[in-house]
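The sequence and coordinates come first.

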Amino acid sequence: MNKPSTLKRILTTDIPVVLIILLAIGPFAWMILTSLTPTAQLSASGVSLSPAGWSLDNYIRLLEQTSFLGNMLHSLIIAGGTVILGLVVSVTAAYALSRFRFPGRKIIMLQFLLVNMFPIVLLILPLFVLFRKIGILDTHIGLILANSTVAIPFAVWMLTSYIAAIPRSLDEAAMIDGCSRLQALRRVVLPLAMPGIISTGIYIFITAWNEYLYALTLGGRNVRPVTVAIQTLIGEYQIEWGLLAAGGVVGALPATILFLLVQRRLIGGLTQGAVKG
């Protein structure tokens, strides 16, 4: 009786799980192997699966012959600025939505959630016209504001759940002791909501770092983030796949390392914020 059950588990669980893992990891593994294979070998025989045929030549060319490090700095400024602006706005908005009851509160919360269901391509043309008129097109501040249109609604929705889980009696006790509303927020609520704030900040950073459409249409000349820089590695008549793959690997490293360092807090924080409130 154990053999049929074991066979059933293998067919229904083990094999599907292995296939899903291979489908998820396969493209990334192939990209890394491509980046380690010299260009001449890629043209002649394809990707090398043997360590003896690997080389760091594509990475050396990427860092020495292109402005990729400068592009990563642009991405860091934009992602970091989006995190700062997004958290400042979303924390204060979430505090107001969780602590005050006013007409239209539920509609506002629903709108924050619905905004994330629309593609950002709908906002590109209005933002392009607006940014050109006020003179922030192709600037760091312009891309920070553009990324915030996506990051802030979801951040407010998440943080409202966190802050709503903190008892109001703590705010009231702080204000009885002489704190103002903002002092109660800073001294009482923020320390208790810090796990949720960190999780939300990580989400905003990864979203801003990986954003492409805004970076391409609202920047791309003076300010060229990593996502746009990788696209420029594709030539008109030739594609250097090794260089392109190396750019993909290097561009993905900061967000990947950050996610690996805080994945437990991020996943746990998102789950906690999603089921409360």
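**Domains and their contact**

The model is predicted. Its domain assignment gives two ranges: domain 1 covers residues 1-36 and domain 2 covers residues 66-276. Taken over C-alpha atoms, the centres of domain 1 and domain 2 lie 33 Å apart. Domain 1 brings 4 residues to the contact, and domain 2 brings 6 residues.

About 360 Å² is buried between domain 1 and domain 2, and 86% of this area is on carbon and sulfur atoms. On the domain 1 side, M31, T34 and S35 account for 92% of the area buried against domain 2, more than any other three residues. By residue class, the side of domain 1 that touches domain 2 consists of 2 nonpolar and 2 polar residues, with no charged ones.

**Salt bridges**

Side chains of opposite charge can pair when their charged atoms come close. How many salt bridges does a search of the whole structure find? The search finds 2.

One of them joins the side chains of E240 and R61, with an N to O distance of 2.2 Å. E240 sits in the loop between α11 (226-232) and α12 (241-275), while R61 belongs to helix α3 (residues 57-65), so the pair ties together parts 179 residues apart in sequence. E240 is partly exposed, because its relative accessible area is 27%. R61 has 15% relative accessibility and therefore counts as buried.

A salt bridge also forms between D171 and R99, whose closest N and O atoms are 3.0 Å apart. This pair, too, links distant parts of the chain: D171 is in helix α8 (residues 168-176) and R99 in helix α4, 72 residues apart. D171 is buried, at 1% relative accessible area. R99 is also buried, at 6%.

The relative accessible areas of the residues in these pairs are set out here.

| Residue | Relative accessible area | Class |
|---|---|---|
| E240 | 27% | partly exposed |
| R61 | 15% | buried |
| D171 | 1% | buried |
| R99 | 6% | buried |

**H74**

H74 is placed in helix α4, which spans residues 68-99. Is H74 buried or exposed? With 19% relative accessibility, H74 counts as buried, since the cut-off for that class is under 20%. Which residues is H74 in contact with, leaving aside its neighbours within four places in sequence? They are H140, N222, V223, R224 and P225. F28 is 46 residues from H74 along the chain, and the C-alpha atoms of the two are separated by 24 Å.

**D138**

Most residues other than glycine have a negative phi. D138 has a positive phi, near 60 degrees, and is a residue other than glycine. Where does D138 lie? D138 is in the loop between α6 (121-134) and α7 (140-164). D138 has a relative accessibility of 12% and so counts as buried.

Notes:
Residues are numbered from 1 along each chain as its sequence is written. This is a predicted model: local features need pLDDT of at least 70, side-chain atom pairs count only at pLDDT 80 or more; totals for chains, interfaces and linings use all residues. Side-chain values use heavy atoms; hydrogens and water are left out. Domain bounds come from an automatic or database domain assignment. Contact means heavy atoms within 4.5 Å. Buried area is the accessible area (1.4 Å probe) that two parts lose on being put together, summed over both. Ala, Val, Leu, Ile, Met, Phe, Trp, Tyr, Cys and Pro count as nonpolar, Asp, Glu, Lys and Arg as charged, and the others, Gly among them, as polar. Helices (H or I, at least four residues) and strands (E, at least two) are DSSP runs, numbered from the N terminus. Buried means under 20% relative accessible area, exposed over 50%, partly exposed in between (1.4 Å probe, protein chains only). A salt bridge is a side-chain nitrogen of Lys or Arg within 4 Å of a carboxyl oxygen of Asp or Glu.
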